[in-house]
Amino acid sequence: MRADHPIDATLTAILEQARWAPSGDNTQPWRFEVRGPRHVVVHGFDTRSHCVYDLDGHPSQLSLGALLESMALAASSHGLRMEAQRRMGMPDHLPTFDAVFVDVPGMPPDPLAALLPRRSVQRRRLSTRSLRVSEKAALAASLPPGYGVLWLEGARTRFACARLMFNNARLRLIMPEAHQVHRDVIEWNARFSADRIPDQALGVDPVTAKLMRWIMRSWRRVDFFNTWLAGTLAPRLQMDLLPGWYCAAHFALLAEAPPRHIDDYVAFWLTATELGLQLQPELTPLIFARYVRERRVFSRTGGLQELAQELAVQTRALLGDTVSERAVFLGRIGAGPPADARSLRRPLKDLLVAESTHA
Ligand SMILES: Cc1cc2nc3c(=O)[nH]c(=O)nc-3n(C[C@H](O)[C@H](O)[C@H](O)COP(=O)(O)O)c2cc1C
């Protein structure tokens, strides 16, 4: 079936809802090839060729896991169970899945499905009210078997997390490879963005945003500001230190055994939305700690590998030696209003491909 043929209405409804799955930098690393009324091929891809945060493809794999989980939740609203199978023999950077939807008479809809378009990242300050026992229990119960959550809470621990995020942000802001990524993924002067992150969702005040926009136009400006004018301070304060402090807790999702990836963390985020809690992923400390562990060279700039090593030590100290390699997801959470600026999504018609187009 070609993408320009009318698509089954139920399948369209499922894909319309599932495309709200979160993805790193809102890259939406998936395209859909509709093969029949109950069969869609998900053509995944990663951004390792140009994104320093995705050199091993793991963040894109997490995003694809979020998409598959969202598709399964959306399918449940139509009494369908999704069976997804990864296609063997595809290259690592092109994970491809056959998703088939099977009628299950009497299957109840998963109430989390309705929250898919509403869930959104909140990068601004949250309430420091501690999570209630019932909230933590509901969040922990949303995880699949084999996964658990480590809560990092209390003033002292929250401050240590905020400091780690603040230090980690320096690495990102003084790295030319990361500058390229940030330049490409921010949509300036925007409250919403279909294919990137709007600057108003970054968590900085309008003056800082304006300055960042001007500075980020060239690496020479960034380098000059960083070297002579402490250019990383204002953004790190606003985007890392203060939000890191102003939240109920940070958390790490842990796998029982050192994992490759986790498919089922969207339920955790949707459950947070259901409870009126806001969440922000904080994945970069885990990404660079993994690069250090696997001796992956991520920058041509001298001193940055060493800085990443120091940050990996700090991350391990925070999470604990035995736990840090089992952490698959790191974030902060707390009560507060949802973000009023957010990433939107590409329209479904732009995500549909005929097989030949994708190849
Ligand atoms: C694998 C993954 C990693 C992410 N890492 C971060 C992060 O380190 N910091 C952050 O603020 N948001 C992070 N995000 C959130 C995305 O930027 C966000 O989900 C995306 O822009 C879509 O926006 P929405 O979640 O508001 O719909 C991450 C999301 C995913 C799926």
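**View 1. Helix α4 packs against helix α10 at an angle of about 65° in this predicted model.** The axes of α4 and α10 (residues 284–293) lie 10 Å apart. Axes here are lines fitted to C-alpha atoms, for helices over the stretch in contact, and angles run from 0 to 180 degrees between N-to-C directions. Helices (H or I, at least four residues) and strands (E, at least two) are DSSP runs, numbered from the N terminus. The crossing of α4 with α10 is left-handed; a crossing has this hand if the near helix is turned anticlockwise from the far one by less than a right angle, and is right-handed if clockwise. On the α4 side the contact (heavy atoms within 4.5 Å) is made by L164, M165, N168, L171 and R172, and on the α10 side by T284, P285 and F288. These residues divide into 5 nonpolar, 2 polar and 1 charged. Ala, Val, Leu, Ile, Met, Phe, Trp, Tyr, Cys and Pro count as nonpolar, Asp, Glu, Lys and Arg as charged, and the others, Gly among them, as polar.

Residues are numbered from 1 along each chain as its sequence is written. Local features of this predicted model need pLDDT of at least 70, side-chain atom pairs count only at pLDDT 80 or more, totals for chains, interfaces and linings use all residues, and side-chain values use heavy atoms, with hydrogens and water left out.

**View 2. Helix α4 (residues 155–173) also meets helix α8 (residues 233–245).** Their axes come within 8 Å and cross at roughly 155°. That angle makes α4 roughly antiparallel to α8; angles under 35 degrees count as roughly parallel, over 145 as roughly antiparallel, 65 to 115 as roughly perpendicular and the rest as oblique. The crossing of α4 and α8 is right-handed. Among the α4 residues in this contact are F159, A162, M165, F166 and L173, and the α8 residues they meet include L233, L237, L241 and W245. The residues of the α4 and α8 contact divide into 12 nonpolar, 2 polar and 6 charged.

**View 3. Helices α1 and α2 cross at roughly 135°.** The axes of α1 and α2 (residues 58–76) come within 8 Å. At this angle α1 is oblique to α2, and the crossing is right-handed. I14, L15, Q17 and A18 of α1 make the contact with L67, S70, M71, A74 and A75 of α2. By class, the residues of this contact are 7 nonpolar, 2 polar and no charged.

**View 4. Helix α5 (residues 176–185) is mostly covered.** Of its 10 residues, 7 are buried, where buried means under 20% relative accessible area, exposed over 50%, and partly exposed in between (1.4 Å probe, protein chains only). The buried residues of α5 are P176, E177, A178, H179, V181, H182 and V185. The elements that cover them include α4, β6 (186–187), β8 (197–198) and α7 (219–228).

**View 5. Two serines, S120 and S127, lie in the loop between β4 and α3.** The loop runs between β4 (96–103) and α3 (133–141). S120 is buried, with a relative accessible area of 12%, whereas S127 is partly exposed at 29%. Leaving aside neighbours within four places in sequence, S120 is in contact with W269, Q278, L279 and R342. Under the same exclusion, of residues up to four places away, S127 touches C247, A248, G334 and A335. S127 and W188 are 61 residues apart in sequence and 28 Å apart in space, C-alpha to C-alpha.

**View 6. N26 and A230 have positive phi values although neither is a glycine.** For N26, phi is about 55°. N26 is found in the loop between α1 (9–18) and β1 (30–36) and is buried, at 4% relative accessibility. For A230, phi is near 45°. A230 sits in the loop between α7 and α8 and is partly exposed, at 41% relative accessibility.
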